[in-house]
Amino acid sequence: GQSSGIRQLKGAEAADILARFKREAQAAGRLNHPGIVAVYDYGEETISDDHTMMANPQTIDAAGQRVAFIAMEFVKGRELRDFFEANERFTLKDTERLMGEILSALGHAHSHGVVHRDIKPANIMLTREGQVKVADFGLAKFEEPGSHGLTKTGLAMGTPDYVAPEALIMGSTVDGRADLYAV
């Protein structure tokens, strides 16, 4: 990618990333919980010739190109993964509180028909105050009315170390229990 953070994507890669952006925005639209990173807006814009949108050296030559964006809550804190990689550990009391906050956030998502499908330490933020914020609903699956809480995956989704065994089986059904397995 380019150092400006703008990447020109082609074909399948672009379609996949746009689909993830849209899915995250749709999931967030269903969810309003203090333990879930809020997504405020999603959109696609065309870089204008007058460079009023994102004008910088990389965009000057990009006039007319489509750009997707997602505007979300800024979380001052660290990913849970960073704590583990630094070999930092939590007390039993803090672990119980953090697990309770993660499960509360996921319970809210599940009650609104959203299965995260990629719960892992890199997608759980801890604010400076120690509050949990579940992030990255880019692989989320929406349960449809009458589905009895089960969604067809069609293929294994998520990060292998955290994926429930039933999600690894082609054509298996997945619901919120797969998120609980990952936790």
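What share of the contacts in the protein chain with a separation of 6 or more comes from residues 24 or more positions apart? Such residues account for 63% of those contacts, where contact means heavy atoms within 4.5 Å.

## Basis of the model

This is a predicted model, in which local features need pLDDT of at least 70 and side-chain atom pairs count only at pLDDT 80 or more, while totals for chains, interfaces and linings use all residues. Residues are numbered from 1 along each chain as its sequence is written, and side-chain values use heavy atoms, with hydrogens and water left out.

## Overall architecture

The protein chain contains six helices and nine strands. These elements are DSSP runs numbered from the N terminus, helices being H or I runs of at least four residues and strands being E runs of at least two. Of its 183 residues, 38% count as buried; the term buried denotes under 20% relative accessible area, exposed denotes over 50%, and partly exposed lies in between (1.4 Å probe, protein chains only).

The accessible surface of the protein chain comes to about 10,700 Å², and 54% of this area belongs to carbon and sulfur atoms. Accessible areas come from the Shrake-Rupley method with a 1.4 Å probe, and for residues only the protein chains shown count as cover.

Ala 28 is placed in helix 1 (residues 11-30) and is buried, at 12% relative accessibility. Between Ala 28 and Ala 109 there are 81 residues of sequence separation, yet the C-alpha to C-alpha distance is 9.1 Å.

Thr 127 belongs to strand 5 (residues 124-127) and is likewise buried, at 11% relative accessibility. When its neighbours within four places in sequence are left aside, Thr 127 is in contact with Val 75, Lys 76, Gly 77 and Lys 133.

## Salt bridges

The whole structure holds six salt bridges, each defined as a side-chain nitrogen of Lys or Arg within 4 Å of a carboxyl oxygen of Asp or Glu. One of them joins Glu 101 and Arg 97, with an N to O distance of 2.9 Å. Because these two residues, Glu 101 and Arg 97, are four residues apart in helix 4 (residues 92-111), they are separated by about one helical turn. Glu 101 is partly exposed at 23% relative accessibility, and Arg 97 is partly exposed at 34%.

Another salt bridge links Arg 177 and Asp 175 at 2.7 Å, N to O. Arg 177 is exposed, with a relative accessible area of 54%, whereas Asp 175 is buried, with 12%. Lys 120 also forms a salt bridge with Asp 118, their closest N and O atoms being 3.7 Å apart. Asp 118 is buried, at 6% relative accessibility.

## Aromatic pair and charge over a ring

One aromatic pair is found in a search of the whole structure. It is formed by Phe 83 and Phe 90, whose ring centres are 5.3 Å apart and whose planes stand at 45°, so the pair is tilted. Under the criterion used, rings of Phe, Tyr and Trp (its six-membered ring) pair if their centres lie within 6.5 Å; planes under 30 degrees apart count as stacked, those over 60 as edge-to-face and the rest as tilted. Phe 83 is buried, at 14% relative accessible area, while Phe 90 is partly exposed, at 26%.

Arg 78 lies over the face of Phe 83, 3.9 Å from the ring centre. A charge sits over a ring if NZ of Lys or CZ of Arg is within 6 Å of the ring centre and within 35 degrees of the ring normal.

## Nonpolar surface patch

Met 99, Leu 103, Leu 180 and Val 183 make a nonpolar surface patch of about 290 Å². Patches consist of residues with over 30% relative accessible area and no salt bridge, with like charges joined within 9 Å and nonpolar side chains (Val, Leu, Ile, Met, Phe, Trp, Tyr) within 5 Å. Val 183 is found in the segment after helix 6 (176-182) and is partly exposed, at 31% relative accessibility.

## Backbone with positive phi

Most residues other than glycine have a negative phi. Asn 87, although not a glycine, has a positive phi of about 60°. Asn 87 lies in the loop between helix 3 (80-85) and helix 4 and is exposed, at 57% relative accessibility.

Asp 136 is not a glycine either and has a positive phi of about 60°. The position of Asp 136 is in the loop between strand 6 (132-134) and strand 7 (141-142), where Asp 136 is partly exposed, with a relative accessible area of 22%.
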